[in-house]
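Good morning, and thank you for coming. Please take a moment to look at the sequence and the structure before I describe them.

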Amino acid sequence: MGDANQCIYTFKKGVDATARIGTAMALPSAVEVRLPAASFRDPSGMLPAAAEAARRRDFDDPAIRAAADAGRLSITRIEDGIGHRHVLELARQARCQGDTVSIFTHTNAATTELSDALTADGLAHEQVGFTEAYGEALPAQLAMVQFALGDSAPVLRSLAVYVSATQGGSKMPPLARQMLNPSDNPVLGRAFERLAKDLRAAARPSRPTCRRCRERLPQNRYPPRPEDLDSSRALDPSHAALARRRA
C-alpha cells in the first residue's frame, strides 16, 4: 500500500514515493487498487474531504466550509503567550466528555514545550513520534544526573548510544566507540574528566534542589561501576556489546 501524498521523507535525497509506486506497478501481474476517500474514524467522510481540500490548498472548497459549519473543524487565532493555556482547556474539556485527545505539533521543541505545559497543569499524557535520538538523549541526561548525585550510572554507555542514534546506520560511529574506551582518544578522555568534576561539583548535597532531585529520582538499577565515568578505564565488553545492540 502506498500513498505518495503521505510520504514525509521527500526532502531526503533519493526518496521518491511516486517512483517507488511505479517500480511496484512494473512487477509482473501487479494490479493497482485505488481506495475510496473514506475514514473509519469519520464514516461521514466530512473530515477526509476537508483534509483533501486543505492538502490541495483549496480553502474555498465547500468541504472545508461544511466541516466548519458542522463544528468538526475550527481555527483559532492565538496570540503569543496564551497558546498553551487554550490547548490545555480544549484537552481538558474533551477528556471530561470522555474523548481521547491527540495534539499534533510541528517540531520537537514545540512538542517538548507543550509537554511541559501539560505536566505543569496535571494532565497525564504520553509523548510520541520523536526520533530515536531524542529518546536516547533522555536516559543519557538521567545518567548524568544520577552520577552527579553520587550514584553509579552508565554515563559513557548512554552517551555512546545517543551518539549512535543521532547518526543512524548499521555500524557504531567512531566517536561512540571512543566514548566506550576514552583511552583511545586522550582529548575526549580529558573532556570526560572535566565533565565528571563539573557534574559532581554542581550537585552539592547541601543544596535543597539537589536533595529534592534525589528524592524524586527512580531507584538506581545499575550496580556500582567506577568505570562508568572514569576516562582511565574502558567499559567492559558486555557494556560495549549492549551499546552495539541498542545502536
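The protein exposes about 17,800 Å², and carbon and sulfur atoms supply 54% of that area. Accessible areas here come from the Shrake-Rupley method with a 1.4 Å probe, and for residues only the protein chains shown count as cover. This is a predicted model, in which local features need pLDDT of at least 70 and side-chain atom pairs count only at pLDDT 80 or more, while totals for chains, interfaces and linings use all residues. Residues are numbered from 1 along each chain as its sequence is written, and side-chain values use heavy atoms, with hydrogens and water left out.

Of the 247 residues, 26% count as buried; buried means under 20% relative accessible area, exposed over 50%, and partly exposed in between (1.4 Å probe, protein chains only).

The protein has 11 helices and 0 strands. These elements are DSSP runs, helices being H or I with at least four residues and strands E with at least two, numbered from the N terminus. Among contacts between residues at least 6 apart in sequence, 53% join residues at least 24 apart, where contact means heavy atoms within 4.5 Å.

I turn now to helix H6, residues 132-148. Its 17 residues should span 24 Å at 1.5 Å a residue, and its end C-alpha atoms are 25 Å apart, which agrees. The expected span is 1.5 Å times one less than the number of residues. Which residues of H6 are buried? They are Ala 133, Glu 136, Ala 137, Ala 140, Ala 143, Gln 146, Phe 147 and Ala 148. An α-helix has 3.6 residues a turn, so residues three or four places apart point the same way. Just after H6, Gly 150 takes a positive phi of about 100 degrees.

Ser 29 is found in the loop between helix H1 (17-25) and helix H2 (46-55). Is Ser 29 buried or exposed? Ser 29 counts as exposed, because its relative accessibility is 73%. Arg 57 lies in the loop between H2 and helix H3 (62-69), and Arg 57 is exposed as well, with a relative accessible area of 61%.
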